[in-house]
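Subject: Structure handover

Hello,

Here is the structure for your files. My notes on it follow below.

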Amino acid sequence: MKKKRSRAFTLIELLVVMAIIGLLLSLSVPRYFKNIEKAKESVLRQDLAVMRDGIEKYMGDTGVYPDSLKDMVNKKYLRKIPVDPMTERNDSWVIVAPETKDIGNVFDVKSGAQGKASDGSDYASW
């Protein structure tokens, strides 16, 4: 009588495969989260550059700084107020007023996020 051989995986083979998958995940997951943070920082830098460019154009066209970021949206200098990628809110931007108050309220804009970037600088100082 011939014995039928089973074509299934053994427990040892399954454990080896699971160990290899675990090792690969332990190497790739930290890199993944590091890249997510770098992407958020890039988006923050780009959002700040776009808003600052809009503020300068507003000043150049009207002779005064905008009263708020909503003014810039209403007058089509921005499509919408961007979401701060670090706080994930669009109302956390910190408005910097000009030295003289009679020329508007929004001279510059900074992130309201707490913490430090990958280069060691504070998000709020960008």
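**Notes on the model**

Met 72 counts as buried, at 0% relative accessibility (buried means under 20% relative accessible area, exposed over 50%, and partly exposed in between, with a 1.4 Å probe and protein chains only). Met 72 belongs to helix α2. Leaving aside neighbours within four places in sequence, Met 72 is in contact with Met 51, Gly 54, Ile 55, Tyr 58, Pro 66, Tyr 77 and Leu 78, where contact means heavy atoms within 4.5 Å. For one of these, Ile 55, the separation from Met 72 is 17 residues in sequence and 7.7 Å in space, C-alpha to C-alpha.

Some conventions before the rest. This is a predicted model, in which local features need pLDDT of at least 70 and side-chain atom pairs count only at pLDDT 80 or more, while totals for chains, interfaces and linings use all residues. Residues are numbered from 1 along each chain as its sequence is written, and side-chain values use heavy atoms, with hydrogens and water left out.

**Overall**

The protein has two helices and two strands, in the order α-α-β-β from the N terminus. Helices (H or I, at least four residues) and strands (E, at least two) are DSSP runs, numbered from the N terminus. The radius of gyration is 26 Å, well over the 14 Å that the globule rule gives for 126 residues, so the protein is more spread out than a compact globule. That radius is taken over C-alpha atoms, and the globule rule is 2.2 Å times the number of residues to the power 0.38. Along the principal axes, the C-alpha atoms fill a box of roughly 100 × 30 × 20 Å.

Of the 126 residues, 25% count as buried. Among contacts with a separation of 6 or more, 47% come from residues 24 or more positions apart. The accessible surface is about 9600 Å², and 58% of that surface belongs to carbon and sulfur atoms; the areas come from the Shrake-Rupley method with a 1.4 Å probe.

The mean positions of the 21 positive and 17 negative charges are 18 Å apart. Lys and Arg count as positive and Asp and Glu as negative, with His and the chain ends not counted. Each charge is placed at NZ of Lys, CZ of Arg, CG of Asp or CD of Glu.

Leu 44 sits in helix α1 (residues 11-62) and is buried, with a relative accessible area of 0%. Beyond its neighbours within four places in sequence, Leu 44 is in contact with Asp 84, Pro 85, Met 86, Trp 93, Ser 111, Tyr 123 and Trp 126. Leu 44 and Ser 26 are 18 residues apart in sequence, and their C-alpha atoms are 29 Å apart in space.

Arg 52 is also in helix α1 and is partly exposed, at 24% relative accessible area. Not counting residues up to four places away, Arg 52 touches Asp 108, Val 109, Lys 110 and Trp 126. The side chain of Arg 52 reaches the backbone oxygen of Trp 126 at 2.4 Å. From Arg 52 to Phe 107, 55 residues apart along the chain, the C-alpha separation is 8.5 Å.

**The segment after β2**

Ser 111 lies in the segment after β2 (108-110) and counts as buried at 1% relative accessibility. Which side chain joins that of Ser 111 in a polar contact of 2.6 Å? The partner is Asp 84; a polar contact is a pair of N or O atoms within 3.5 Å, where within protein one must be able to donate a hydrogen and the other to accept it, and residues adjacent in sequence count only if both atoms are side-chain atoms. A polar atom of the Ser 111 side chain also lies 3.1 Å from the backbone nitrogen of Ala 113.

Ser 125 is found in the segment after β2 and is partly exposed, with a relative accessible area of 46%. A polar atom of its side chain lies 2.7 Å from the backbone oxygen of Asp 122. Ser 125 and Ser 111 are 14 residues apart in sequence and 7.8 Å apart in space, C-alpha to C-alpha.

**Positive phi values**

Lys 76 has a positive phi of about 70° although it is not a glycine. Lys 76 is placed in the loop between α2 (69-74) and β1 (94-96) and counts as exposed at 72% relative accessibility. Glu 88 is in the loop between α2 and β1, with a positive phi near 60° in a residue other than glycine. At 57% relative accessibility, Glu 88 counts as exposed.

Regards
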